[in-house]
Amino acid sequence: MCCTLRFNSYICKLKNVFYYSKTYPIMKVLILQASPRANGNTAWMAEEYKKAAEAAGHEVTLVNVSKMKIAGCLACEYCHNKGNGACIQKDDMQELYPLMAEAEALVLAAPIYYFTLNAQIQAPIQRMYCVNKPAKVTKMALLVSSYSPGVYDGAKAEFRDICNYWGAENMGAVTAKIDEQKTEETKQKVVTLAGMLK
Ligand SMILES: Cc1cc2nc3c(=O)[nH]c(=O)nc-3n(C[C@H](O)[C@H](O)[C@H](O)COP(=O)(O)O)c2cc1C
C-alpha cells in the first residue's frame, strides 16, 4: 500500500516535471531598474516582476543601473574598428555586457523624465552600440512610472522601435501614474506581464 502510494506520487512528480518543462520553458530574465528612488514605484514594479517571474521558475537578475556609472556612447567607433566589438570606455557598463549577452528576456523599468524614459536607462541601451544587440534576447517588457497620465507616447514608441530593431517580441508595458503607484491593480498588471514569459 505504502509502496503503491510512493510509486504513484513518483509518477505524478514525473508528469509534473514533464508538463512543466513542456509548457513553461525557463528563461534567463534581466531587469534593468533605472530609477534613483530606492522606494519609488519603478523599483517596486521591478521587484514585483522579479517575484512573479521567479515564482514561475525563471532565473531573474535585477540590476539597479541608476547606481552604476554608465556614460553615454562617445560615437568614437573604436568598437567597430580596433576594439573588435569592445567599448573603449571601461566604466560600469563592463559589468552589464556579460549579463546582456546571456539574457533571453529583457525588462526595462524606468520613470518618465520630460516625456521620455530617463537618462539612466538610455545610457545602457545606447552603449549596446558596440555589439549592436543583446545576442539572446527574444522577449522584452517595459515598466514605467510617471506623475501625470498620457505621458507615455515617447517611451512606448522608443521601446517598440528597440524591440523591432533587436528582433525581440514586445510583450507590452505596465504604466503607473501617481494614483496607480504601488496599488494591487498595478501589481496584478505586472504579474500578468511577467506571466507572458512562458
Ligand atoms: C527630472 C524629472 C522629470 C520628470 N518629468 C516628468 C514628466 O515629464 N511627466 C510626468 O508625468 N512626470 C515626470 N516626472 C515625475 C516622475 O516620473 C514620477 O515622480 C515617477 O513616479 C518617478 O518614479 P519613481 O518613483 O519610480 O522614481 C519627472 C521627475 C523628475 C525627477
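What follows is a short chat about the predicted model shown above.

Q: What kind of model is this, and how are the residues numbered?
A: Residues are numbered from 1 along each chain as its sequence is written. This is a predicted model, in which local features need pLDDT of at least 70 and side-chain atom pairs count only at pLDDT 80 or more, while totals for chains, interfaces and linings use all residues.

Q: What is the mean pLDDT of the chain?
A: The mean pLDDT (the predictor's confidence in each residue, from 0 to 100) is 91, and 88% of the residues of the chain reach 70 or more.

Q: And where does pLDDT stay under 50?
A: That is the case over residues 1–21, and for these residues the model has zero contacts beyond four places in sequence, a contact being two residues whose C-beta atoms, placed from the backbone, lie within 7 Å.

Q: How many helices and strands are there?
A: The chain has six helices and six strands, where helices (H or I, at least four residues) and strands (E, at least two) are DSSP runs, numbered from the N terminus. Along the sequence they follow the pattern α-β-α-β-α-β-β-α-β-α-β-α.

Q: Which strands pair with S5?
A: Strand S3 (residues 105–113) runs parallel to S5 and is joined to S5 by seven bridges, with Ala 105 opposite Lys 139; strand S6 (residues 169–176) also pairs with S5 in the parallel sense, over six bridges, and there Val 144 stands opposite Thr 175. Pairing here requires that DSSP finds at least two bridges between the two strands.

Q: How many residues of S5 are buried?
A: Six of the seven residues of S5 (residues 139–145) are buried, and for the chain of 198 residues the buried share is 35%. A residue counts as buried if 20 or more other C-beta atoms lie within 10 Å of its own, as exposed if 12 or fewer do, and as partly exposed in between, with C-beta atoms placed from the backbone.

Q: Switching to S1, which strand is S1 joined to?
A: Strand S1 is joined by six bridges to strand S2 (residues 59–64), and the two run parallel. The chain crosses from S1 through H2 to S2 in a right-handed β-α-β crossover.

Q: Why is Val 29 counted as buried?
A: Val 29, which is found in strand S1, counts as buried because 25 other C-beta atoms lie within 10 Å. Leaving aside neighbours within four places in sequence, the contacts of Val 29 include Ala 53, Val 60, Ala 105, Val 107 and Leu 197.

Q: Last topic: which residues come nearest to the ligand?
A: Of the 16 residues around the ligand, Ser 35, Gly 40, Thr 42, Pro 111 and Ser 148 come nearest, where a residue is near a molecule if its C-beta atom, placed from the backbone, lies within 6 Å of it.

Q: And what classes make up that shell?
A: The shell has eight nonpolar, seven polar and one charged residues, with Ala, Val, Leu, Ile, Met, Phe, Trp, Tyr, Cys and Pro counted as nonpolar, Asp, Glu, Lys and Arg as charged, and the others, Gly among them, as polar. Helix H2 (41–55) and S3 each supply at least two residues of the shell.

Terms used. Right-handed = clockwise from strand over helix to strand, strands pointing away.
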